[in-house]
Amino acid sequence: MNSMWLRAFTTGAAMMMAAMAGAEPTPPMKALHQLEPGQWELRERGAGSEVRRLCVSDLEQLLQFRHGRASCKRFIVTDTPRELVVTYDCGVSGSGRTALRTETSRLAQIQAQGIADGAPFEMAVEARRVGICR
């Protein structure tokens, strides 16, 4: 059986099952598929920059730092194997725009801006996978 046909059939079936269940299918987001889950170090650029560690089990966590796991509606602006740009709306929690550029499977550059907790934010972050989650 042709593997390309099988992949298209499987993807189509998953999207149809999600639609039947009332859920929106998750778009591909190719740049995220280039990265590895695990322990990531997020180094914010600029004066007084902060470094924090994050256990990333779902790579979509890298798309909305300031909104955590809030349920947000996303719109994909750009989706290539090396660049992903999304805008999202989290209702009363705020909204944002994130541009993620993958350099390797363990290194990404992220720029994010938006509104969180009623205040604007803007940040540039170097995200580096440093190991497995502990």
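Good morning. Leaving aside residues up to four places away in sequence, Leu35 touches Trp40, Leu59, Leu62, Leu100, Thr102, Thr104, Ser105, Leu107 and Ala108. Please bear in mind throughout that this is a predicted model.

In what order do the seven strands of the open sheet stand? The order is S2-S1-S7-S6-S5-S4-S3, and the pairing is antiparallel. At the edges stand strand S2, residues 51-56, and strand S3, residues 73-79. Each of these two has a single partner strand, so one side of each is left without a neighbour in the sheet. From one strand to the next, the twist averages 25°.

As an example of residues facing each other, Thr78 stands opposite Val85 in S4. On we go to the next pair: strand S4, residues 83-89, and strand S5, residues 94-104, pair in the antiparallel sense over seven bridges. Here Asp89 has Ser95 in S5 as its bridge partner.

I turn to the cysteines. For those new to the term, a disulfide is a covalent bond between the sulfur atoms of two cysteines. How many disulfides does the structure hold? There are two. If the bonded cysteines are counted along the chain, the disulfides follow the pattern 1-4, 2-3.

One of them is formed by Cys55 and Cys133, with their sulfur atoms 2.0 Å apart. Why can we say that this pair ties together separate parts of the chain? Cys55 lies in strand S2 while Cys133 lies in the segment after S7, so the bond connects parts that are 78 residues apart in sequence. The link of Cys55 and Cys133 is right-handed, with 105° about the S-S bond. Cys55 is partly exposed, its relative accessible area being 37%. Cys133 is also partly exposed, at 31%.

The other disulfide joins Cys72 to Cys90, with an S to S distance of 1.9 Å. This pair links distant parts of the chain, 18 residues apart: Cys72 is in the loop between S2 and S3, and Cys90 is in the loop between S4 and S5. The link of Cys72 and Cys90 is right-handed, with 100° about the S-S bond. Are Cys72 and Cys90 buried or exposed? Both of them are buried.

Where is Asp117 placed? Its place is in the loop between strand S6, residues 107-116, and strand S7, residues 119-131. The phi angle of Asp117 is near 50°, which is a positive value in a residue other than glycine. With a relative accessible area of 76%, Asp117 is exposed, because a residue counts as exposed when that value is over 50%.

Thank you for your attention.

Notes. Residues numbered from 1 in each chain as written. Predicted model: local features only at pLDDT ≥ 70, side-chain atom pairs only at ≥ 80, totals over all residues. Heavy atoms only, no water. Helix = DSSP H or I, 4+ residues; strand = E, 2+ residues; numbered from the N terminus. Buried < 20%, exposed > 50% of the residue type's maximum accessible area, 1.4 Å probe, protein only. Pairing = 2+ DSSP bridges. Axes fitted to C-alpha atoms, helices over the stretch in contact; angles between N-to-C directions. Contact = heavy atoms within 4.5 Å. Disulfide = S-S within 2.5 Å.
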